[in-house]
Amino acid sequence: MKYCLKKPRVMVMCSDISNPPKIALIPFVINKIDNMNPEDNKPWWLKTIIYEVYVDKFAKDFKGMTGKLPYLKNLGVGCIWLLPHYPSPMIDGGYDVSDYMNVRPELGTLDDFREFVQKAHESGIRVIIDLVLNHVSIE
């Protein structure tokens, strides 16, 4: 079964599989996009299984997520959607972000996150993350 979001949302895509890791804003649902497959005119996210994950609930930390990549690949997952993993006082389930440029300490380090993204791409799995701009913590 394949899933896709129906309502518009802005996500951060941590690189295309064929390119070196980079961060770029992409609209999740749009009418026209240049990166379509000419065979069927569907964007990649309409042709893949997107697996939504809270890192701490699914794998404890980013090292655990890296270890679960073979399992996810075996399930046929083509994209992992990471829910908020930024530092947060956790009053709003992690959506109250206090530092957009880092990772919650209990989930590992920024290097652990980068390694996870690199290994995911090597496995042929894309990674998207929530960019929660309207939920900011003052703590």
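Modeller: Before we start, contact here means heavy atoms within 4.5 Å. The model is predicted.

Biologist: Fine. What does P84 touch, not counting residues up to four places away in sequence?

Modeller: P84 touches G94, Y95, R104, D130 and V132.

Biologist: Where is P84 found?

Modeller: In the loop between strand 4 (77–82) and helix 4 (110–122).

Biologist: Does P84 count as buried or exposed, and why?

Modeller: P84 counts as buried because its relative accessibility is 4%, and the cut-off for buried is under 20%.

Biologist: How far apart are the C-alpha atoms of P84 and V103?

Modeller: They are separated by 9.2 Å, with the two residues 19 apart along the chain.

Biologist: Change of topic. What pattern does the protein chain follow along the sequence?

Modeller: The order is β-β-β-α-α-α-β-α-β, from four helices and five strands.

Biologist: And which residues have the most contacts inside the largest nonpolar core?

Modeller: That core has 30 residues, and those with the most contacts inside it are F62, M65, I80, L82, F113, F116 and V127. Elements giving two or more residues to it include helix 2 (62–67), helix 3 (69–75) and strand 5 (126–130).

Biologist: Which element gives the most to this core?

Modeller: Strand 4, with five residues.

Biologist: Back to I80. What is it in contact with, leaving aside neighbours within four places in sequence?

Modeller: I80 is in contact with Y51, V53, M65, L69, L72, F116, I125, R126, V127 and I128.

Biologist: Last one, for the protein chain: what share of its 139 residues counts as buried?

Modeller: 40% of them. The chain exposes about 8300 Å², with carbon and sulfur atoms supplying 54% of that.

Notes:
Residues numbered from 1 in each chain as written. Predicted model: local features only at pLDDT ≥ 70, side-chain atom pairs only at ≥ 80, totals over all residues. Heavy atoms only, no water. Buried < 20%, exposed > 50% of the residue type's maximum accessible area, 1.4 Å probe, protein only. Areas by Shrake-Rupley, 256 points an atom, 1.4 Å probe, with all protein chains shown as cover. Core = buried A, V, L, I, M, F, W, Y, C linked by side-chain atoms within 4.5 Å.
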